Structure formats: C-alpha cells, structure tokens
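Dear colleague,

Please find the structure we discussed below.

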Amino acid sequence: MIGGQKIIAVCAAKVHEDDVQSYLYPLHLALDKNGYKDLVLATTTDLYENNLFDKGEAGIFRLIDSNMIDAVVLFANTLKNDFYIDDIINCAAKRSCPVIVVDDSREHEGCTNVLFDESDAFYKLVDHLAEKHHFTKINCIAGIKGNSISERREAIYKQVLAEHGIPFEEKRFGYGCFYSYPTKQVMQGFLDDPDGLPEAIVCINDSMAITVCEMLSERGIKVPEQVAVTGFDGIEQEKYNFPRISTCRRDMDKFAQMIADILKKLFDGGQTESCYKFPYTVDYSESCGCKEISEAHVNKSLNLMFDRINDDYRISRSMNNMMAKLTNVTDIEQIRRILKSYMNCNTYVCVNKDFHDMNDTEHTYSNSPFTDDMIYSKYFYGTNNVETGRYLRNDLFPDKDMLAGTDSLPFFMPLHDRSNIYGYMILFAVNERREYFSQSIRNAQRFIASLNTSMSTYVQQRTLRMSNDRLNDIQNNIISSFADMVESRDKFTGKHVKRTGEYLKVFSSHLAGLPEYSEVLSDEYRQLMYKAAPLHDIGKIKISDSILNKPGRLTPEEFDVIKTHTIEGAKIIEQTLRNIENNDYIETAEQMALYHHEKWNGTGYPMGLAGEQISLCARIMAVVDVFDALTSKRVYKDAFSVDKAIDILKESSGSHFEPELVDEFIKIRSKIEKVFEENSD
C-alpha cells in the first residue's frame, strides 16, 4: 500500500504487443477509477523456450514478495510456461496476497480464476452465416490438430452445419495451425476445388482470416461479395485489415471493471467465486457483409501504419546511436549522461548494489535476482541532472511519494544478460490516450533491449579488464621473481634492483619534461622502462656462484664470463617472456639488458656501440646502474659518498655516459638522494 491506496501487481508477458496492451490499458483505467494503484511486472518474451534469456526475464516476477503489493492479477494466457505461473502464485501465497489468474486452463486452488467463455459467441458467429446469410458451402480452417482450443471450435462448426442440415465435407476443412503459411496451403486446396469457391470461410482465429482475405484479394476475389470470411479473437491487427473482419472479441472495458469489482470484494472480505467466466461479444462486421466497407477506415488505418513505421525507424536509429556511444565507455557518470539523452519516458534505472563492484555476486532467477539494497538513477523530464541514490528493494520504488502522485502506469522490466540479472527498470507509460500508451510501451521495449545489450557489453568488457589486470599482475610477479632470483644469488648487490628501478623512474620522468627527450619518453614508454628495469641483470642467473660471488677482484678471464650476462639476459627475456608480454615490452627489456654496459665512446660491451647507436633506455640505465654501484658496498670496495659518485659521473661524461644525461642527472640530485635514503641496504 502507498499513500493509503492498495497496490495491484499485474504480471504479463510480451507487453510490447498490441494484444497484451489491450488488457493492460483498460485495466489501468478501471483500477485507477476504483482508487487502486497498479504496476506491471513485465517481460518481452512469453518464457515458452525457458532458455537462459527467458530465465533472466522471469526474474522480474520475484518482486512479488515485496510487502508493498496488496494483490496480484496474473495474465496467465500471456505466459507460456506453467512453472513461472505457479511460482508467481506461490510467492504471493507466502504473503497471503490474493491472486486473480486470468485465462489459464488449469484451475488454481486458493486463487480467483477468470476464464474467457468463447463457446456461445463462436456458435453465434458460425450460425449467423447459415441463418442470416443462408450459406450452405461453408469451409473451415482450424488451428493445430489435437489442440484443445481448436477442437472446441471445430466441434461447434460441425454442430452448426448439422443443425442446418448441411453435410460436413472433408475437402471443406483443413488445419492452418493458427498462422500464415499453413493457412495458405489449405486455401490453395479450397481455390483448386473443381466445385468452385466456397460461399464462406470460417477461420478459427483472426490471423488466419486476415491471410485468407489477402489470398482472395491477390486473385481478384472480392470479400464479402464473392466469399465471406470470419475470424475469432479480435486481435489488434484486425483493426488495420481491409475489410474489417467479422469476429468475436472481448469487451476489455467491461472485463477490466469486472476485475476491479472482484478485487473490491477480496479486499472487503466478501464472498467471491472460485471461477468467473467472461463472455466474448460477436462483432458482425465487413467481411461477412453486415457492414459496409468504409474508405475512411482504410485511410485511417494506413495513416496509423505509416506513423508506426516512422516511429519505429526513429527509435531504431536513436537506439543504434545510443549503443554506439555506450561502446567502450567505462565512466559511470558518462554512461548516465548518455542514457539521459535517449530516455523516451520518465524512468528509474535500478541496479543491484554489487553491480558496479569488480567482484559482484551472480544473480539469477533462482539465486536472489535482486539485492536487498538497490542503487537507482532517476531520468525524468525537466531535470538537468541524473539523481542517484539507494533504497530498499522491498519498497519497490525509490520514491513512493512520486508513485502516489502520478497517474502514469509504471512498468517494471528486467535488466539482464541471458540468465544473469543486474536489476530492473521502472518506466512510466504515457496514458493520456491509448495510442500514446502503446507507443510509449513499444519504445520502452526497444530501449530496454538496447540497454540490456549495452550492459552485456559493459560487463564483458569489465570482465576482460579484470582478466587483463590479473594477467598483468601474473606477468609482473614473474618479472619480479626473475629479478629476485638474481638478487638472491648475488649476495653483494643488496637492493640494487629495487634502487635502480626507482632511480630510473625519477630520472626518466624528469627527462620527459625536456624538449629533446619528450617525444621519445612518452608515458607509455616510461612505464615500459620502469617495468623492464628489474630485468637488466637477469643474465647473471647464468653466471656460476664462484665467479658471481667471488670475494675479490675478478681475473680478466672471469670478467669475460661476467660480460656474457648482457647477452644471456637478452636471450632469457626473449625465450621466457615472448608469449606472455607484448612486443614493445620485450624490445625495451632486451635493449636494457643487452646494452646497459655499452659506453658513449664505443668502448663498452658486448657490441661496442657508440653514441645514439645505444638505445636511450639503455643509456639512461647505464647512468643509474653505475651510480648505484658506486654508492653501494662491494666486497672489493666500500660504498662511495654521493659527492664522490657524482664526481665520477662527471669525469666519465662524454666517455662512458652521454654528457646531457649526466648534466640532467645532477640537476635532480635531491630526488636521487631521497630514493637512496629510502632504499638503503
């Protein structure tokens, strides 16, 4: 209950279809007139397949357990899956919430069952052809053989023929299976009958009757002048047919008032029947000759059709634009701004509290479709900003006062990717006129389909980013492990790997601000250098302990062995990281490992490169590598002071090191000393 008004939850499937809207719109008006507030829990599929998509759609019905709902009206004829029908009833029963089940062949105990009674109307329609028009050659196109609905109508057709002394002939009967293609096959047999055309064709439903009219018109056979045609059901499409079909339809205004009256009895504690029957009304119209064909009707129908086509085109184009803009967008605020530009009615987008978490819980129909706490974004006309906040799912609405003050009908529709449920949308349908109502629901359905696709893409991209982040962590751990292996074997170098990496990071950032280096030292390249720096001495893993940890100066032969660590390091990087790192990183790491002992004047090793033949990353590494070696204790020397290390760098400028690099390194001495102090052995 909200604002003293009872809340009626209407459960229906395929709400974007005109025939379903023919229930919902009159019911909304009748309930509002009787002082009730209704909301629609809606799906875009009839759930017949019960595939992963259907299971995601069905999650919306789990909102039935909200304590805000006072009664349920279940249009079971729109749901083609008994499991979900029963589950809705069971969820309502747990809260002792009354349920009105509309048009289910099974009678549900504890519910008020409402059935549409078609028998009298169909009898009157078929009898009308024989009694009023005196037809004796009356053909019939039934539905599916063995279908209970079709069989009931077949029996009535044969009963009418018998009552009027008209013999039943097999050639005048066929199964159209309720839709177009089989109906055309049956019609071809009728048209090929050597005894000539029938006087009338009785169709079990309107869809087949419309197909029959089309085939007759294509062959120049006039309806009803040459052949009368009847249908059944009074579907919305019939309103656009030429001629209008003589059919049996339900007066949905009277039906809606009947539902409102039953609800009043239930709420007042009065006695209700376990099953009510609502009769069809016979509409003798143009296709049997009882009404003149109206050209005004044709013009109106064409105009409505063109309006719908144009509107569908506009919405399709708009949704394509929205989906294109949402592709690869990761910023939530930007996503909200994009959505606001394309909302076609007042809407709340309500997502599970954990939806934006990187480790969100999986929500499915059977596994808590919605969290207790929900996060909403409000998209209403007349507001510039998107309001966001939290509310309790059990309250159904982020703003209950808003619901109490509006006449618009709210539709609840699920947000999901197949069986994974992310939340739901609340869309307020425009209900000033039936045409506006239908249009707003169709547009909303297109919008939510596009949004679900975009959300699926967003989740997939987020999952991919998470996988990439995990992969990067694994790669970084591998690299760190390589560096740790070297450092653990070389007991004299201490935190050499850590310090050189930090020196390089500070130094390269400084150089990037200089014109002569800025183009090369981009953010991406400096990240590669920093990530590759720990591997500059990886080749030492191939050097024996007797040489690597010799407590004294090395012989020339031993030093030649040490020199090989540059070549071996490049080989290790190529062989071990080629399949797990990108080419740019491999190239940078190889250059730093291979060339960091080359000298500016060409006297270094292993290649004897000179000047700019040496990669910039290796020239930078050479400066920080030597600086750390000078300021660190070795078995053959004590650690030099920073002053003395700087003096040695100056002396080696132009011979060992690029002069400009030495000059710039000295300029940031204070930052270098800070790294030195924070990472001392």
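This is a predicted model: local features need pLDDT of at least 70, side-chain atom pairs count only at pLDDT 80 or more; totals for chains, interfaces and linings use all residues.

Residues are numbered from 1 along each chain as its sequence is written, and side-chain values use heavy atoms, with hydrogens and water left out.

The sheet

An open sheet of 11 strands runs in the order β11-β5-β4-β3-β1-β2-β16-β17-β13-β14-β15, with mixed pairing. Strands (E, at least two residues) and helices (H or I, at least four) are DSSP runs numbered from the N terminus, and two strands pair if DSSP finds at least two bridges between them. At the edges are β11 (275-279) and β15, each of which pairs on one side only. On average, neighbouring strands of this sheet are turned by 20 degrees against each other, direction ignored. Strands β1 (residues 7-13) and β2 (residues 37-43) run parallel and are joined by 7 bridges; isoleucine 8 stands opposite aspartate 38 in β2. Helix α10 (residues 332-342) packs on the sheet, where it touches β14 and β15, and its direction makes about 50 degrees with that of β14. Axes here are lines fitted to C-alpha atoms, for helices over the stretch in contact (heavy atoms within 4.5 Å), and angles run from 0 to 180 degrees between N-to-C directions.

Aromatic rings

The structure holds 31 aromatic pairs. Rings of Phe, Tyr and Trp (its six-membered ring) pair if their centres lie within 6.5 Å; planes under 30 degrees apart count as stacked, over 60 as edge-to-face and the rest as tilted. Phenylalanine 83 and tyrosine 84 form an edge-to-face pair, 5.1 Å centre to centre with 80 degrees between the planes. Phenylalanine 83 is partly exposed at 49% relative accessibility, and tyrosine 84 is buried at 2%. Buried means under 20% relative accessible area, exposed over 50%, and partly exposed in between (1.4 Å probe, protein chains only).

The rings of tyrosine 348 and phenylalanine 380 have centres 5.2 Å apart and planes at 55 degrees, so this pair is tilted. The pair links distant parts of the chain, 32 residues apart: tyrosine 348 is in strand β13 (residues 347-352), and phenylalanine 380 is in the loop between β14 (373-379) and β15 (387-392). Both tyrosine 348 and phenylalanine 380 are buried. They belong to a cluster linked by ring pairs, whose members include Phe370, Tyr376 and Tyr391.

Charges also sit over rings: the charged end of arginine 250 is 4.3 Å from the ring centre of phenylalanine 116, and that of lysine 644 is 4.2 Å from the ring centre of phenylalanine 640. The criterion is NZ of Lys or CZ of Arg within 6 Å of the ring centre and within 35 degrees of the ring normal.

Two individual residues

Asparagine 394 lies in the loop between β15 and α11 (400-404) and is partly exposed, with a relative accessible area of 26%. Leaving aside neighbours within four places in sequence, asparagine 394 is in contact with Asp65, Ser66, Asn67 and Met68. Its side chain reaches the backbone nitrogen of asparagine 67 at 3.2 Å.

Threonine 211 lies in helix α7 (residues 206-218) and is buried, with a relative accessible area of 6%. Not counting residues up to four places away in sequence, threonine 211 touches Ser180, Thr183 and Lys184.

Yours sincerely

Note on methods:
A polar contact is a pair of N or O atoms within 3.5 Å; within protein, one must be able to donate a hydrogen and the other to accept it, and residues adjacent in sequence count only if both atoms are side-chain atoms.
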